[in-house]
Amino acid sequence: MIEKKVRDAMNEQIKHELESFYIYMSMVAYFHSQNLDGMAHWMRCQAHEEMIHAMKFFDHIIDRGGKVTLQDLKQIKTTWKTPLEAMQDAYEHEKFITAKINNLIKISREVNDYTSEPLLSWFLNEQIEEEKNTEKVSRELAMVGSSKEGILMLDRELATRVFPAGSPLNPLAYNVVA
Ligand code: OFO
């Protein structure tokens, strides 16, 4: 049975992961509005991953006999001045999520909840990737500045990102040990 303190923190983390999904889908809409379909595609892949993250916590709580309680999502931005500003927001958001994962580990250790360690270790590694990817694209956008050629080239490159396999709501698709 999952500890109440850990369950509550994981329920809050589901909210944060769904907010990530929601923020990134808002960026998808923004990129499409700028005719940057490659960047929009890259963000769709990102949003798909966020849904998987939310479901990993969702299933973990259920598997350990806890109750999932969904919470209100916060209001989000719907537009950005530039693609660079959007991507920098994504990077800042990932750093926020990393801090939340670290805090979850702290809470689970306080109550000796070793059972959640494999899941939380997976997230520690995942956050290295999430920060790395959003920072890399931010740096590339900063490099090309206002060059239309540069932005279009980057847009084509980001169009090649591959979606994670399977539905984010199907545990068989995402519960593989990575
Ligand atoms: Fe769930 O890692 Fe991004 O937010």
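## Where helix 2 meets helix 5

Let's start with a pair of helices. Helix 2 and helix 5 (residues 148-158) pack at an angle of about 40°, and their axes lie 7 Å apart. The crossing of helix 2 past helix 5 is left-handed. Keep in mind as you look around that this is a predicted model.

Who does the touching here? On the helix 2 side you'll find Asp37, Gly38, Met39, His41 and Trp42, and they meet Ile151, Leu154, Asp155 and Leu158 from helix 5. Sorted by class, this contact between helix 2 and helix 5 has five nonpolar, two polar and two charged residues.

## The nonpolar cores

Now for the inside. In general, nonpolar side chains tend to be buried together in soluble globular proteins. In this model, the largest nonpolar core has 21 residues. Tyr24, Met27, Phe31, Met39, Met43 and Met87 are the ones with the most contacts inside this core. Helix 1 (4-33), helix 2, helix 3, helix 4 and helix 5 each supply at least two of its residues. Helix 1 gives the most, with six residues.

Leaving out residues up to four places away in sequence, methionine 43 touches Tyr24, Met27, Val28, Phe31, Met87 and Ala90.

Setting aside residues up to four places away in sequence, histidine 60 touches Ile2, Met10, Thr115, Ser116 and Leu119.

Next, the charged pairs. Side chains of opposite charge can pair when their charged atoms come close. The count of salt bridges in this model comes to 15. One of them joins the side chains of aspartate 113 and arginine 64, with 2.6 Å from N to O. Aspartate 113 sits in the loop between helix 3 (83-110) and helix 4 (117-144), while arginine 64 sits in the loop between helix 2 (37-63) and helix 3, so this pair ties together parts that are 49 residues apart in sequence.

Are these two partners buried or exposed? Aspartate 113 counts as buried, at 4% relative accessibility. Arginine 64 counts as buried too, at 13%.

Another salt bridge brings together the side chains of aspartate 89 and lysine 77, at 2.9 Å from N to O. Aspartate 89 is part of helix 3 and lysine 77 is part of the loop between helix 2 and helix 3, so the pair ties together parts that are twelve residues apart in sequence. Aspartate 89 is partly exposed, at 27% relative accessibility, and lysine 77 is partly exposed at 41%.

Lysine 81 and glutamate 85 form a salt bridge as well, their closest N and O atoms being 3.7 Å apart. Lysine 81 is exposed, with 73% relative accessibility, whereas glutamate 85 is partly exposed at 22%. Through salt bridges that share partners, Lys77, Lys81, Glu85 and Asp89 join into one network.

## Two asparagines with positive phi

Finally, have a look at the backbone in two loops. Asparagine 35 has a positive phi of about 65°, although it is not a glycine. You'll find asparagine 35 in the loop between helix 1 and helix 2, and at 63% relative accessibility this asparagine counts as exposed.

Asparagine 112 also has a positive phi without being a glycine, in this case about 55°. Asparagine 112 lies in the loop between helix 3 and helix 4, and that loop holds aspartate 113 too.

Conventions: Residues are numbered from 1 along each chain as its sequence is written. This is a predicted model: local features need pLDDT of at least 70, side-chain atom pairs count only at pLDDT 80 or more; totals for chains, interfaces and linings use all residues. Side-chain values use heavy atoms; hydrogens and water are left out. A salt bridge is a side-chain nitrogen of Lys or Arg within 4 Å of a carboxyl oxygen of Asp or Glu. Helices (H or I, at least four residues) and strands (E, at least two) are DSSP runs, numbered from the N terminus. Buried means under 20% relative accessible area, exposed over 50%, partly exposed in between (1.4 Å probe, protein chains only). Axes are lines fitted to C-alpha atoms, for helices over the stretch in contact, and angles run from 0 to 180 degrees between N-to-C directions. A crossing is left-handed if the near helix is turned anticlockwise from the far one by less than a right angle, and right-handed if clockwise. Contact means heavy atoms within 4.5 Å. Ala, Val, Leu, Ile, Met, Phe, Trp, Tyr, Cys and Pro count as nonpolar, Asp, Glu, Lys and Arg as charged, and the others, Gly among them, as polar. A nonpolar core is a set of buried Ala, Val, Leu, Ile, Met, Phe, Trp, Tyr and Cys residues joined through side-chain atoms within 4.5 Å.
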